[in-house]
Amino acid sequence: MKRREFITLLGGAAAGWPLAARAQQAARLPTIGFLGATSASAQTQWTTAFVQRLRDLGWIEGRTVAIEYRWAEGRNDRFAEIAVEFVRLKVDVIVTQGGAVGAAEQATSVIPIIFAAAVNPLGSGLVASLARPGGNATGLSIQSIDLVGKRLELLRQVVPNLHQLAIAAHVGYSASVLEMREVQATTRAVGIEVATIEIQRAEDIAPGIEALKGRAQALYVCPAPLMTANQTLINASALAAHLPTMHPLQEYVESGGLMSYGASFPDLYRRAGDYVDKILRGAKPADLPVEQPTKFDLIVNLKTAKALGLELPPTLLALADEVIE
């Protein structure tokens, strides 16, 4: 081979090395399967907190870790389909929440599963114990059912003579049903009458709330992906029915609800990043205890209060972590 031809061949091969190296590096990136129960827009704050925490820990999306995002759009039937897809993709860890955790556990007993938010991980059988989960899933509890009494107490500050309460629950979602029953039991104990809207699909929401006109003084919304995906519709329907609303998540209030009280989901997803970091560095889910929320937020929407003709007590506003004006 002539010297010039050899140099040309060598140069061409060298030019290809960086591309080949990058391709091999990309192929070796640890991969997170992120199963969002609702939509990308509904979970923006949560996802941002998760990705930022990973970055803080050295996991930079596209450089040191890959993230495959999938969105169930509030449809429970999508959970299993997405979980199976993640198994097929051979992701290194699955991050999800609530009812999607069970679908992921059915799809795999090998891939680690981190739940950023679960209503009752022990009672629903997601883990063997909180201290030692024992299987391939662990994460964070939201303690939503434990907060029912506090939410009702706050609601009664807004509606002092509350004696008729409506509950909206997605009856196809076990966590929503559990909370509905807890609300029913708590209100029964203090003599509050309850009307329940049993939601099966999004089309049930507007007519169900409209039927409450004159039958309820306030509306308690139980958490579920279907409800989160349709939070704007819930709030518009409640406003039309002149019903103050109590919600589980801040996002509901930002879209027009009256108030919410519960664990901070951005904080929970941030902490889920710590679990993923440990898993990717070799820890086993079975050995990582389930953690409880440490940050709880009371969010109040003054615009909605004004539209409902409500004068919120100064003591309530003083307690609020955020007031939307």
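Two strands count as paired if DSSP finds at least two bridges between them. By that rule, β6 and β7 pair in the parallel sense over seven bridges. Helices (H or I, at least four residues) and strands (E, at least two) are DSSP runs, numbered from the N terminus. This is a predicted model: local features need pLDDT of at least 70, side-chain atom pairs count only at pLDDT 80 or more, and totals for chains, interfaces and linings use all residues. Residues are numbered from 1 along each chain as its sequence is written, and side-chain values use heavy atoms, with hydrogens and water left out.

**The seven-stranded sheet**

- Seven strands make an open sheet with mixed pairing, in the order β7-β6-β8-β9-β10-β11-β12.
- β7 (193-199) and β12 (322-324) are the edges; each has a single partner strand, so one side of each is left without a neighbour in the sheet.
- From one strand to the next, the twist averages 20°. Axes here are lines fitted to C-alpha atoms, for helices over the stretch in contact, and angles run from 0 to 180 degrees between N-to-C directions.
- β6 (residues 164-170) and β8 (residues 218-221) pair in the parallel sense over four bridges.
- L165 has A218 of β8 as its bridge partner, and A168 has V221 of β8.
- On the β7 side, A166 is bridged to A195.
- Strands of a sheet pair through backbone hydrogen bonds, either parallel or antiparallel.
- Helix α9 (residues 231-240) lies across β8 and β9 (245-247), at about 160° to β9. Contact means heavy atoms within 4.5 Å.

**β6, α6 and the crossover**

- Six of the seven residues of β6 are buried, so the strand is mostly covered. Buried means under 20% relative accessible area, exposed over 50%, and partly exposed in between (1.4 Å probe, protein chains only).
- The chain crosses from β6 through α6 to β7 in a right-handed β-α-β crossover. Right-handed means that, with the strands pointing away from the viewer, the path from the first strand over the helix to the second runs clockwise.
- Helix α6 (residues 174-189) has 16 residues and reaches 23 Å from its first C-alpha to its last, close to the expected 22 Å. The expected span is 1.5 Å times one less than the number of residues.
- Buried residues of α6 are A175, S176, V177, E179, M180, V183 and T187.
- The buried residues of α6 pack against α5 (148-158), β6, β7 and β8.
- Just after α6, G191 takes a positive phi of about 80°.

**The five-stranded sheet**

- A second topic is the open sheet of five strands, ordered β2-β1-β3-β4-β5 with parallel pairing.
- Its edge strands, β2 (66-71) and β5 (137-141), each pair on one side only.
- The twist averages 15° from one strand to the next.
- β1 and β2 run parallel and are joined by six bridges.
- α3 lies across β1, β2 and β3 (93-97), at about 160° to β2.
- α11 lies across β1, β3, β4 (113-118) and β5, at about 165° to β4.

- L35 sits in strand β1 (residues 31-36) and stands opposite R70 in β2.
- L35 is buried, with a relative accessible area of 1%.
- Beyond four places in sequence, the contacts of L35 include R70, A72, F79, I82 and F86.
- F79 belongs to helix α3 (residues 77-89) and is buried, at 3% relative accessible area.
- Leaving out residues up to four places away in sequence, F79 touches L35, A37, A72, G99, A100, A103, Y173 and P225.
- F79 and G99 are 20 residues apart in sequence and 8.0 Å apart in space, C-alpha to C-alpha.

**Nonpolar cores**

- A nonpolar core is a set of buried Ala, Val, Leu, Ile, Met, Phe, Trp, Tyr and Cys residues joined through side-chain atoms within 4.5 Å.
- The largest has 71 residues; I32, F50, L219 and V276 have the most contacts inside it.
- Helix α11 (residues 265-280) gives the most to this core, with eight residues.
- In soluble globular proteins, nonpolar side chains tend to be buried together.
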